[in-house]
Amino acid sequence: NSTLVTPSLMSGTVLPGVTRASIIELAQKECHCQVIEKERLTLEELQGASEAFCCGTGDSVTPVGSIHVSKSGEGDEETKIIFGDGQTPGPITKQLYQLLSDLQTGKDEDLHKRYKDWIHIVNP
């Protein structure tokens, strides 16, 4: 449904960073996603997600096929959540990866023009 849900910076589970901020802006402006920052993501919200990804400076945008949630103690219950088919990145994940990659490499001139304030040439 074109909604991107991410832990808020106040949750203490994610770090602020350029890549995270870039992905949020690209999701809103280029993918027309509504971005919701939440203190905590619930198990039910994860189960209702059609795709998932992680992002960071070294990882760019990395798709997540599935997660395993274990509750130790009461019967050691385990839940496995599969996103999509568990193998193929979802359409928003693919689009965000491509957008970020094209910006980083300068491959897409239109995109480069729209985000020229993101590009800083460093001379040796």
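I began with Lys107, which, leaving aside its neighbours within four places in sequence, is in contact (heavy atoms within 4.5 Å) with Gln98 and Asp102. This is a predicted model, in which local features need pLDDT of at least 70 and side-chain atom pairs count only at pLDDT 80 or more, while totals for chains, interfaces and linings use all residues. Residues are numbered from 1 along each chain as its sequence is written, and side-chain values use heavy atoms, with hydrogens and water left out.

I then placed Lys107 in the loop between α3 and α4 (109-114), where helices are DSSP runs of H or I with at least four residues, numbered from the N terminus. Lys107 counts as exposed because its relative accessibility is 63%, and exposed means over 50% relative accessible area, buried under 20%, and partly exposed in between, with a 1.4 Å probe and protein chains only.

Of its 16 residues, Leu26, Ala27, Leu96 and Leu99 touch the most other members. The elements giving two or more residues to this core are α1 (18-29) and α3 (91-105), and α3 gives the most, with five.

For Leu99 I noted that, not counting residues up to four places away in sequence, it touches Leu26, Glu30, Cys31 and Leu111.

Notes: Core = buried A, V, L, I, M, F, W, Y, C linked by side-chain atoms within 4.5 Å.
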